[in-house]
Amino acid sequence: MKLGYPCKNWSIDCIGDKTFRLKSYSEHRLIDTIQNNLECLKEMLTFNVKHHLLFFRISSDIIPFASHPINTFDWRDYFLDTFEDIGTLISLNNIRISMHPDQFIVLNSPKHDVVQRSIEELRYHADLLDLLQCDSTAKIQLHVGGIYNDKQKSLQRFIERYNDLPNSIRKRLVIENDDTRYSVNNCIHIFKETKIPILLDVFHHSLLNNNESLEKVLMETSRTWHKKDGVLMVDYSEQAPGLRKGSHTKSLTVSKFKKFLELSKPYDFDIMLEIKDKEQSALRALNIVKKDTRFQQFTSE
DNA sequence: TCACGTCAAGCAGAT
DNA sequence: ATCTGCTTGACGTGA
């Protein structure tokens with residue numbers, strides 16, 4: 001069991017997902033920004049290793065306009081050494097990596113151009129993880145997509161599109177249950193047709209489910225991850241008090257988190273804490289996870 | 001220095 | 001019809 005937080009660290013004086021407007025695009029600006037982002041990524045990973053936070057989500061913004069036609073710069077080659085350097089840090093410390101392409105990436109859209117752009121963006125994500133020389137346990141997590149007034153057809157479209165993807169993307173892609181459209185059950189249906197691993201978002205599951213217990217979905221989703229995929233990835237968040245349903249909380253509630261660890265006892269997985277204060281909550285959670293036998297097993301390896 | 005309109009991209013529920 | 005959230009505010013013009 002490893003623990004982590006997504007994309008950003010507020011404790012260190014370094015922003016790893018800087019970007020800029022399309023209007024101010026220049027190759028110089030691009031190189032500067034990527035340089036900064038990669039330096040910050042390394043700093044965040046170093047911080048994480050020091051604090052035993054060995055699961056990290058790399059921001060999709062690390063390479064601005066990565067799949068946009070305006071970007072014809074060969075950043076893959078230009079930053080090859082830096083990628084290798086960070087990759088070494090990742091592999092030496094056995095850091096688990098994930099990425100989460102944003103909401104514009106929709107594989108099951110009926111619009112051809114949306115799908116094409118989505119595939120290009122997924123290609124960028126896969127390339128980046130390849131350049132960092134991450135093994136196949138580093139994953140790209142995606143939601144199933146839209147409903148388009150016909151859920152069955154839309155599920156089917158996802159399956160077909162997934163099966164047509166190049167292997168470089170397929171080996172890293174996993175699907176995540178969301179809070180309004182596709183539940184764990186729907187993801188299982190896709191798994192049966194594609195063998196794509198399912199990342200369990202426990203907060204989303206609490207908002208959209210078919211009355212399955214947490215234990216049941218932990219069991220079902222765990223089984224979709226094979227040795228080459230690593231252990232199940234879990235996204236963990238809590239409802240923000242007072243805000244609308246689905247809003248992520250600012251800070252971890254220790255008692256709720258303890259309860260989750262207790263309920264999930266029979267299963268091993270890596271936890272991504274989607275909590276707004278990032279590493280602060282992750283460090284608090286770590287104090288709890290450290291006492292867990294699943295975590296002990298990992299550190300004694 | 002700061003306020004605030006806007007930002008590559010999709011979708012659906014809420015208002 | 002328009003706004004908001006998503007994983008999340010940051011960019012950048014204008015005063």
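Student: Is C187 buried or exposed?
Tutor: The model is a predicted one, in which local features need pLDDT of at least 70 and side-chain atom pairs count only at pLDDT 80 or more, while totals for chains, interfaces and linings use all residues. Residues are numbered from 1 along each chain as its sequence is written, chains are lettered from A and ligands numbered from 1 in the order in which they are written, and side-chain values use heavy atoms, with hydrogens and water left out. A residue is called buried under 20% relative accessible area, exposed over 50%, and partly exposed in between, with a 1.4 Å probe and protein chains only. The relative accessible area of C187 is 0%, so C187 is buried.

Student: Which elements are among those covering the buried residues of α7?
Tutor: Helices (H or I, at least four residues) and strands (E, at least two) are DSSP runs, numbered from the N terminus, and α7 spans residues 184–194. Its buried residues are V184, N186, C187, I188, I190, F191 and T194, and K195, which follows the helix, has a positive phi near 65 degrees. With contact taken as heavy atoms within 4.5 Å, the cover of these residues includes α5 (151–164), β5 (173–176), β6 (198–201), α8 and α9.

Student: With which side chain does the side chain of E212 make a polar contact?
Tutor: E212 is placed in the loop between α8 (202–207) and α9 (214–222), where its relative accessible area of 10% makes it buried. Leaving out residues up to four places away in sequence, E212 touches N185, H205 and V217. A polar contact is a pair of N or O atoms within 3.5 Å; within protein, one must be able to donate a hydrogen and the other to accept it, and residues adjacent in sequence count only if both atoms are side-chain atoms. At 3.3 Å, the side chain of E212 makes such a contact with the side chain of N185.

Student: Which cysteine does a disulfide join to C14?
Tutor: A disulfide is a pair of cysteine sulfur atoms within 2.5 Å, and by this rule the count comes to 1. C14 lies in the loop between β1 (3–6) and α1, and its partner in helix α1, so the pair ties together parts that are 26 residues apart in sequence. C14 is buried at 12% relative accessibility, and the S to S distance of 2.0 Å joins C14 to C40.

Student: Is this disulfide of C14 and C40 left-handed or right-handed?
Tutor: The handedness is read from the torsion about the S-S bond of C14 and C40, which is about -85 degrees. With that value, the disulfide is left-handed.

Student: How far is the sulfur of C7 from the closest cysteine sulfur?
Tutor: The closest cysteine sulfur is that of C40, a residue that counts as buried at 1% relative accessibility. The separation is too far for a bond, because the distance is 13 Å.

Student: What is the distance between R21 and a base oxygen of DNA strand B?
Tutor: A residue is near a strand if one of its heavy atoms lies within 4 Å of it, and 17 residues surround DNA strand B, with R21, L22, K111, I147 and Y148 the closest. From a polar side-chain atom of R21 to a base oxygen, the distance is 3.0 Å.

Student: Which residue has a polar side-chain atom 3.1 Å from a base nitrogen of DNA strand C?
Tutor: Around DNA strand C there are 22 residues, the closest being R21, S24, R29, D102 and Q103. H204 has a polar side-chain atom 3.1 Å from a phosphate oxygen, whereas the residue placed at 3.1 Å from a base nitrogen is Q103.
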